[in-house]
Amino acid sequence: MTFEVKKICCIGAGYVGGPTMAVIADKCPYITINVVDLNQERIKLWNHSDLNKLPVYETGLDRLIERCRGKNLHFSTKIRENIEEADMIFISVNTPTKNKGLGAGKASDLKWVEGCARDVAKFAKGHTIVVEKSTLPVKTAEAIKIILTAAQKSSNSEKKISFDVLSNPEFLAEGTAIKDLEKPDRVLIGGENINAINSLSKIYGNWVPKNKIIHTNIWSSELAKLTANAFLAQRVSSINSIAALCEKTGADVREVSKAVGTDSRIGCKFLNSGPGFGGSCFKKDILNLVYIANHFGLKEVADFWENVVDFNTFNQTRISQLIVKKLFGTISGKKISILGFAFKANTNDTRESPAINICKDFLEEGAHLSIHDPKVSSLQIEKDLGIEEQKTTQSNLASEGSWCFKEKITDAIEGADAIVILTEWDEYKKLDWDKVSTLMRKPSWLFDARGIISKINIEKTNLNFWSIGDGSL
Ligand code: NAD
Ligand code: UGA
């Protein structure tokens, strides 16, 4: 048996809520989906007639929004009305690391999730299936259930409300969100009531093969999400540790990755070394795991995972320090061109981007940074660096420890002492390095922290070259 789901409300119109609901709307035209958010500005952008202004940049998202928006997909700030009418509610709000109080710096801050649960308890009518889409610590569903059960008990007889809570963590990666949602490796559904589980499975069944829809208990589902992110982040830290060793020994990390990745037990994905993992989730989810392990008295388990995060921080500092050393130990007053600010290619997201710490290190050393990114705005960079942009066309007029944003790559490079590639955007791979070197001040350097430029393309230029994990340079 399943419950009939005709109306869905998704609370949270962010990087997960927006794309996820766009795909469900596209695959299930018979369901009306209302995505709601407290943030009016964000909702305005989701409703913008110019699809380039959508608040989330993902390949293929504009196409879906064009197809479904105003038909069976709606974005608004009308939280109460849409909760009242929904048969199924997805909670897709932010769960950042707590910055004060008990568990500060490690535990997830669940105040937004709790706020949603209270709204659902207050406004829901009839039977409602509540789906945790946010990444949550193990046993959060229980807390949500307690809030909802209290509402159920105190509701008057004519309102007659009841709830089922499911855990349905999201595994999409930014930059490939639509592809990941349309062809997921798996859909995980944790819950107690098989009818509620089947109702959600039926929705996914419209486009996901049955054998990819996994049913578990709620706590396994919550823990599996944290574990998947921890394992992925661990691979990034593992390969970055080997990159540092390659640079000392004459090995090349790309060759090591290739050789290691061909072992089918290890696999070839997530073995690209770089400036370290960024994004809103890896660090927070591992720290959450650390908090949970400590809570249960498993100090060694906590230490094991905390090292993955600590190594990531070391990796960023290692890169900024080696660049300063190669530029004769000082970058004060020098112009450094930063190519890429997003935490990875094909997204406009900068949360926890390695570029933030690396740029802050350079600014501290007195450099003038000229930053380019095809999708990140100067306003966002200003927020992340916490320093106002100094708009000047001539680098010799720029003050020490300042930065400016350039729309064109050539403008960012002009007169620079060094270029530092921090995000693996395709357009950087295609640059004519011979031409680039003529625009720079001599001696000029190219630091490729993503390992995307082949040294053959640099050999004919008069650029000094460093590429992550390449000990032959
Ligand atoms: P986000 O910050 O982009 O979006 C969250 C939105 O929720 C914000 O717009 C915020 O205004 C809104 N919100 C918060 N409280 C609200 C409330 N009470 N009522 C209405 N709206 C409210 O976050 P995100 O990146 O979409 O992540 C959401 C969750 O999904 C997190 O738990 C995250 O760990 C998880 N997740 C994220 C990704 C990713 O790639 N970003 C992937 C998988 C899972
Ligand atoms: C990650 C997971 O891949 C998703 O499955 C998960 O749903 C999501 O976190 C989440 O919970 O938020 P995301 O952070 O969007 O997705 O992006 P990834 O592709 O995982 O990249 C994370 C970071 O690792 C990036 O900074 C990326 O540049 C870096 N990375 C990744 C490497 O340095 N090397 C690699 O080989 C792969």
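Author: Helix H9 (residues 218–249) gives the largest share of the shell around ligand 2, four residues; helices here are DSSP runs of H or I with at least four residues, numbered from the N terminus. This is a predicted model, where local features need pLDDT of at least 70, side-chain atom pairs count only at pLDDT 80 or more, and totals for chains, interfaces and linings use all residues. Residues are numbered from 1 along each chain as written, chains are lettered from A and ligands numbered from 1 in written order, and side-chain values use heavy atoms, with hydrogens and water left out.

Reader: Ok, which residues come nearest to ligand 2?

Author: Phe171, Leu172, Cys281, Lys344 and Arg450 come nearest, out of 20 residues around ligand 2. A residue counts as near if one of its heavy atoms lies within 4 Å.

Reader: And what kinds of residues are in that shell around ligand 2?

Author: There are 11 nonpolar, four polar and five charged residues. Nonpolar means Ala, Val, Leu, Ile, Met, Phe, Trp, Tyr, Cys and Pro, charged means Asp, Glu, Lys and Arg, and the others, Gly among them, are polar.

Reader: Which polar backbone atom is 2.8 Å from a nitrogen atom of ligand 2?

Author: One of Asn272. A polar contact is a pair of N or O atoms within 3.5 Å. The protein covers 90% of the 700 Å² of accessible area that ligand 2 has on its own, using the Shrake-Rupley method with a 1.4 Å probe.

Reader: Why does ligand 2 lie between the two domains?

Author: Because domain 1 (7–216) and domain 2 (218–473) both give residues to its shell. The domain bounds come from an automatic or database assignment.

Reader: Switching to ligand 1, which residues are closest?

Author: Asp37, Arg42, Thr95, Glu174 and Lys284 are the closest of the 26 residues that surround ligand 1. An N or O atom in the side chain of Thr95 is 2.6 Å from an oxygen atom of ligand 1, and a backbone N or O atom of Thr135 is 2.9 Å from an oxygen atom of ligand 1. Alone, ligand 1 exposes 840 Å², and the protein buries 92% of that.

Reader: Where does ligand 1 lie relative to the domains?

Author: Between domain 1 (7–216) and domain 2 (218–473), since both give residues to the shell around ligand 1.

Reader: What lines the largest cavity?

Author: Its lining residues include Glu132, Ser134, Thr135 and Lys225. H9 gives the largest share, three residues.

Reader: And what volume does the second largest pocket have?

Author: About 540 Å³. Its lining has 21 residues, with Leu110, Pro137, Val138, Thr140 and Tyr291 nearest its centre.

Notes: A polar contact is a pair of N or O atoms within 3.5 Å; within protein, one must be able to donate a hydrogen and the other to accept it, and residues adjacent in sequence count only if both atoms are side-chain atoms. Helices (H or I, at least four residues) and strands (E, at least two) are DSSP runs, numbered from the N terminus. On a 1 Å grid over the protein atoms alone, a cavity is a set of points where a 1.4 Å probe fits but cannot get out, and a pocket is an open set with protein on both sides within 12 Å along at least five of seven lines; lining residues have an atom within 4 Å of a point. Grid points are joined across faces, edges and corners, and a volume is the space filled by probe spheres set on the points.
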